[in-house]
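Morning, everyone. Please bring the model up on your screens, and we'll walk through it together.

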Amino acid sequence: MSTCVVRRLCLAVILLAAGSPAVAQSVRYGEPWRPGYHFSPEVHWMNEPNGLIYIAGENDAPGLWHLFYQHNPIANQFGRNQSWGHATSPDLVTWTQLPDALRPEMTPGGPVNAYSGSAVFDANNSSGLGTAENPPYVIAYTGHNAITRRQDQRLAYSLDRGVTWTRFAGNPIIDLESREFRDPKITWDSFFNRWIMIVSHGGQNFLSQWASTDLINWTRLDDFFDPNSGGTGWEVADIFRLPLNGGPVRPWIIQLTPAQGSPAGGNGVLYWVGTMSEDGFVAETPAVWADFGRDFDGVYSWEEAPDGRRIWAGIMQSYGEGIPTTPWRGQVSFPRELSLVTTPQGARLRQKPVDEIESIREGLVELASPGVVTTTSDPLAPLGVAGRMLDIETTLDMGSATIAGFRVFSLPGGSAFVGYSKASNEVFVDTRGAGRSDFGPIDGMFSAPLELGTDGIVHFRILLDRSSIEVFAGTPDDPGAVTISQLVLPDPNVPDDQLGVEATALFGTASLLSFRAHQLRETWTRFPVPAGDDATIAHWSMAPPPTPIVESNPIVADRSTAVGQGGLFGEMNSLYEPSPAVDSLFYDSSRPDKRFVTSELSPPAAMFRLGFSGGAASFDAASLDGHDGALLFDPDFYGREFEFPSGFTTELFFRTDGDRSNEGLMEVLLQGDDEFRFALILNEGGPGNLRFAITDGLGRFPVVDSDNAIGGGAGNLADGRWYYVAAIYDPDDPVSPRGALRLTVLSEDMERHEVVAALPVSFPGIRPPGVDSDGRLLIGRASDVLGDDERTFIGLIDEVRISREPLPPERLLASFSEACGADLDIDGLLTPNDVLEFVSRVSASSETADLLPPQGVDTFDLLEYLRLFDEGCP
Ligand code: FRU
């Protein structure tokens, strides 16, 4: 029975291997500058929040705060695929990331993105989109046609409390045939008994106002504009009411984001306080800036918040695609509760972080008694206040000092300074030298006017997160008079407890009256991500068309992002305006000749790396329209991602239809334009040879041929067997100063070939970052882009994956472990779950039974696998 012991041991080892693959891993939500308690999308780009609404729970279930947001589901940059990302929270602090609620919609006029907008609860079912018993939640969003760039207003509704959303069949509800007409915000006007909607006319600096009784038919009211606002490029407007001084009078407020003109430079938030007339909102105050940092804009407030609360949040990220956060860009400001107060200047908004933050407070450091602050005296020093995630509340008597305040994220090399200056009567956040700043104007002195009382006391509430500072400052009577919100990217390698908080005063003596700092708990669950996943740009499994074909079910799905093409995304206008040059192949039910054709034949499972298998089908390029088809992805969809400053890996499985070695050139895959491209071509350089070629646009074409494989040629790859191929461009490959091209081939009989071509020193490298590619990606044919002769691939193609870095062998899709894979008779897939199931069955049974394959798990031979594992595989 000693073997049993060994077996048991092996099982434990397998479990380990299944649970923690030996490849390098990154940790999601643990990346540099990833906010610890602010919302940021798990992956890819976001701009402003959208459709903020609280949805009460059914029966006794807790209610949820819904946060939608502008999301590019496939890339970490603003895209032509703008969608409504979605997350919910029971407390505005802990968020659950959900699938996107609205994705771009394919219409006969072209793909329509889901731009910004709002959500309401249609409690009386005025729209008729629900029923009296189950009234609908309704989203209003802007449809942005990616081709005409026209913007119109559309609705979607949910009958299941915000879980799923259906587009209104009568969309668009308003179309002015304008390119500057976006971001509808709807709210209920209980005085006139109507819905009010405001829509931004972007570059034209006005809002149109609309009224409706059913959310579908709208009447235009007066436009709202203010030539003296100081901000231009109006976007993302919101309208709501707040009680003045907590009393019965409830003025109306409009707030919006001008793209230019804010005190900090760039965009910001302006608001007006006023009244509602029959013809719409009328301002009674001048425009007022709501925040004095660079990073608070694109703001919306939650509808339906319980207890009459009005809470808003915006996007903190004003540096476009420059900000070096990956794999996401953009974060939401910490939600702020609003109030409206009377000041000598008139009615003004006040903001404070929602009290829910208290639930994530942990350690408290508190100053026991007031202390003197000078350049050399810091009462905080003995307390050792430090950290990246802090909630600080403090009161400072300016005394004789001209400037006093707090260094935060403080290191010997630099810090951010939050303070008050009596020289200018301003609160300020000075981020100069506080962190990484080579990508945009994140470094600066951001200040907000604040008159202190005769007591000279200034009150600060400062929220720090890993990449942000939000300051709420004022006097003891009016502690949230001004806010400054600013990103800062402190050195991510410095341990948290070395980023200090210090008090200091210049040109005089100040006094620290009180100081409390709470550590804040991280609200995100970290999880490991195999490094290869972060490198994936696209992965198509070539799934068969779903039945029935519906627009939300793309035909060609990208495994890493769960989005795809064939019904939804990208520039698919060629479907509707067929161009003679481009034979794009997407499913179009109205054109039977343009179907995405799949074959049941797919690569043998043994070719795949453990833990992965291809889908049940392969893309059949041969059976299309007389060998005249390809999968085509236009540049704006995937093209911009194909800037490979640090190399790339292209992987796919293919199988020619019989022996096609004498067929002439057959392009398996091509991406690029005349400036730069790479291609995989069969029968070039000899019958059955697979050539991997790249070009730099200057006529240099380094190539690598499978025929030159080490050990004497890979032979005929156009012989009707399945092949896996990995084509890798590695500019850092040590074989030459310019790196190398590498082609790795695995046959279905598990013969493996590898060939390397050193790149010539004269080869300058491929497209530098920032140079846009306008090349298409074609899979299965390349007859149009370069004007070449038709080079249709005749056969099947599967599991195309493109990664933005040269992948090491252990991260490739295919298994290259000959000893472990070749003679292993696995006709199904061995997944970690299978192993777990096996182990649980084994441990529940007798020792003899340990040696038997588990009942019902007959798709693979576990014992054989265990034997190989004993030998050190895989
Ligand atoms: C503002 C904005 C909105 C638009 C959205 C698109 O950032 O331009 O006006 O709806 O972004 O993502």
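Start with the shell around the ligand: by class, three residues are nonpolar, four are polar and four are charged. Keep in mind that this is a predicted model.

Who are these residues? Around the ligand you find Asn47, Glu48, Gln70, Phe78, Gln82 and Tyr115, along with Ser116, Arg182, Asp183, Glu235 and Val236.

Now some distances. The side chain of Asp183 has a polar atom 2.4 Å from a ligand oxygen. For Arg182, an N or O atom in the side chain sits 2.7 Å from an oxygen of the ligand. Glu235 also takes part: a polar atom of the Glu235 side chain is 3.1 Å from a ligand oxygen.

How much of the ligand's accessible area does the protein cover? On its own, the ligand has 320 Å², and the protein covers 85% of that.

Which elements give two or more residues to this shell? They are β2 (44–55), β7 (110–121), β12 (182–189) and β16 (232–241).

Next, a sheet. Look for five strands in the order β33-β32-β31-β30-β37. The sheet is open, and the pairing is antiparallel. At its edges are β33 (445–449) and β37 (500–506), and each of these pairs on one side only. On average, neighbouring strands here are turned by 15° against each other, with direction ignored.

Zoom in on one pair. Strand β31, residues 414–421, runs antiparallel to strand β32, residues 426–430, and five bridges join them. Find Val418, and opposite you will see Val429 of β32.

How values were computed. Residues numbered from 1 in each chain as written. Predicted model: local features only at pLDDT ≥ 70, side-chain atom pairs only at ≥ 80, totals over all residues. Heavy atoms only, no water. Near = heavy atom within 4 Å. Polar contact = N/O pair within 3.5 Å; in protein donor to acceptor, adjacent residues only side chain to side chain. Areas by Shrake-Rupley, 256 points an atom, 1.4 Å probe, with all protein chains shown as cover. Helix = DSSP H or I, 4+ residues; strand = E, 2+ residues; numbered from the N terminus. Nonpolar A, V, L, I, M, F, W, Y, C, P; charged D, E, K, R; others polar. Pairing = 2+ DSSP bridges. Axes fitted to C-alpha atoms, helices over the stretch in contact; angles between N-to-C directions.
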